[in-house]
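User: I have a model open and would like to go through it with you. Could you start with the terms and then move to the details?

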Amino acid sequence: MNIRLPNSLQTFPGSGNTNWATTFQRSNTRLRLILGVIGVVLVAALAWYLFAPAAKPPVKNPAVPVRVTAAIKKTVIINERTVGTVIANATVQITARVSGQLMTASFKEGDTVHKGDVLFQIDPRPFQAALEQAQATAARDAATLVSDNKDAERYRALLKSGGASQQQVDQAVAAAKAMAATVVSDRAAADAARLNLIYSKILSPIDGKTGAIQVQPGNLITADATTPLVTITQVQPVKVSFFLAQTDLPQIQQRMAQNRMTATIQVHGAGGKTMTAPVDFVGNAVDNRTGTIELRATFPNLDNVLVPGQLADVSASLGQIDDAVVVPHDAVNLGLNNSYVYVDGPGSKALIVPVQVLNDDGTLAAVKGQIKPGDKVVVEGQLRVVKGSLLAVKKAAPGAEQTTQAPAGAQ
């Protein structure tokens with residue numbers, strides 16, 4: 001039986017000439033497809049729910065590998081660090097005291113000389129001749145003085161017998177006295193000539209190291225010339241000059257009064273060698289431009305490691321903390337409000353212990369807080385540690401114990 005729809009139902013309203021039945025059939029096919037996909041998804045979800053393996057229990061946090069070391073009790077020296085300059089204990093510019101021809105130099109440039117060693121020789125012959133002439137003049141005038149003294153005695157005798165006048169006696173006595181003064185002058189001239197002869201041989205006034213020879217042998221030199229013949233620098237001992245802030249003056253004055261202030265230096269390029277000496281000089285004024293005051297320490301420098309003008313790292317002791325708890329510098333961590341250390345607590349669980357840093361020299365730190373000597377503090381691996389972390393302590397590296405046990409600020 002054929003049912004024919006009216007013409008008014010054969011087209012979908014608003015769709016032009018499109019057949020409504022055809023549209024309905026297409027929509028029905030799309031709906032069946034969507035429902036089929038949804039059914040497949042539901043079946044797959046049900047199968048996964050029924051047959052999926054049970055979830056594994058959560059894995060516990062593994063132990064954090066760390067290195068620890070024991071806190072110790074030490075007397076800590078509080079040091080102030082700065083840069084110092086090595087200066088010579090004495091520097092002497094050698095010049096001639098007499099004029100003449102420079103004959104010889106008895107040393108090589110850079111030699112170490114001692115007090116009294118001959119450095120230069122000026123031609124001594126003119127000075128020897130002048131000395132002999134002065135001595136001859138003094139001998140002649142001395143003989144004349146003897147004669148004048150005898151004449152004065154004879155005139156005194158003649159005066160008693162009436163053979164001479166008082167005027168003649170006075171003239172004879174005056175002549176003898178004048179000649180006596182001349183003899184004294186002659187002797188002084190001879191002494192001066194002898195000194196000039198001595199000065200023709202130039203000696204070292206100090207122990208020290210010579211610099212470059214500025215005037216070579218063969219040249220004519222003048223006394224007290226502006227250009228020195230050579231400069232001698234005393235390098236045993238030497239001084240190290242350094243400056244500290246004026247805010248450190250109370251500690252400086254206290255330590256100096258107790259004769260306990262020392263300076264430890266480390267010289268650049270000397271293989272990290274350190275030397276310690278007492279501070280023996282404190283400046284008498286604060287530099288108003290820098291707000292610092294100068295201090296100096298004297299070092300024997302027996303191995304000539306220190307050279308004037310050289311820079312050195314200086315650590316000056318300004319105080320000490322008795323019976324301080326000391327931990328390695330790397331054990332101290334910075335928090336938002338304070339510093340703290342991780343301690344290997346009961347059951348190898350990490351504890352956070354707040355501390356106050358009293359002194360830190362870059363290697364060891366003196367701390368104050370709820371930490372005791374013997375507590376095991378974490379020095380390596382802190383980045384993975386939190387409060388309550390299980391710690392797996394690794395064996396200490398060789399030499400770590402010796403480094404840890406060194407006193408902070410040791411001199």
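Analyst: Two strands are said to pair if DSSP finds at least two bridges between them, and strands (E, at least two residues) and helices (H or I, at least four) are DSSP runs numbered from the N terminus. This is a predicted model, in which local features need pLDDT of at least 70 and side-chain atom pairs count only at pLDDT 80 or more, while totals for chains, interfaces and linings use all residues. Residues are numbered from 1 along each chain as its sequence is written, and side-chain values use heavy atoms, with hydrogens and water left out.

User: Ok, which residue stands opposite valine 118?

Analyst: Valine 118 faces leucine 203 in β6. Strand β5 (residues 118-122) and β6 run antiparallel and are joined by three bridges.

User: What is the strand order in that open sheet?

Analyst: The order is β6-β5-β3-β8, four strands with antiparallel pairing. The edges are β6 (201-203) and β8 (220-221), each having a single partner strand, so one side of each is left without a neighbour in the sheet.

User: Stepping back, how many helices and strands does the protein chain have?

Analyst: The protein chain has five helices and 19 strands. Of its 411 residues, 32% count as buried, where buried means under 20% relative accessible area, exposed means over 50% and partly exposed lies in between (1.4 Å probe, protein chains only). Taking contact to mean heavy atoms within 4.5 Å, residues 24 or more positions apart account for 75% of the contacts in the protein chain with a separation of 6 or more.

User: Switching to α4, which of its residues are buried?

Analyst: In helix α4 (residues 249-257) the buried residues are Leu249, Ile252 and Arg255. They cover an arc of only 130° around the axis, which puts them on the same side of α4; the arc is that of the directions from the helix axis to the C-beta atoms. As background, an α-helix has 3.6 residues a turn, so residues three or four places apart point the same way.

User: And what do they pack against?

Analyst: The buried residues of α4 pack against β9 (230-245), β11 (274-282), β12 (292-299) and β13 (311-328). The face of α4 turned away from the buried side carries the exposed residues Pro250, Gln253 and Ala257, and just after α4, asparagine 259 takes a positive phi of about 55°.

User: How many salt bridges are there?

Analyst: The count comes to nine, a salt bridge being a side-chain nitrogen of Lys or Arg within 4 Å of a carboxyl oxygen of Asp or Glu. One of them joins arginine 67 to glutamate 380, with the closest N and O atoms 3.3 Å apart. Arginine 67 lies in strand β1 (residues 64-70) and glutamate 380 in strand β18 (residues 376-380), so the pair ties together parts that are 313 residues apart in sequence.

User: Which residues are in the network with those two?

Analyst: Arg67, Glu380 and Lys394 are linked in a network of salt bridges. Arginine 67 is partly exposed at 23% relative accessibility, and glutamate 380 is also partly exposed, at 38%.

User: What about aspartate 141, buried or exposed?

Analyst: Aspartate 141 is buried, with a relative accessible area of 7%, whereas arginine 140, its salt-bridge partner at 3.3 Å between the closest N and O atoms, is exposed at 53%. A further salt bridge joins the side chains of glutamate 294 and arginine 296 (2.9 Å, N to O); glutamate 294 counts as buried at 18% relative accessibility, while arginine 296 is partly exposed at 25%.
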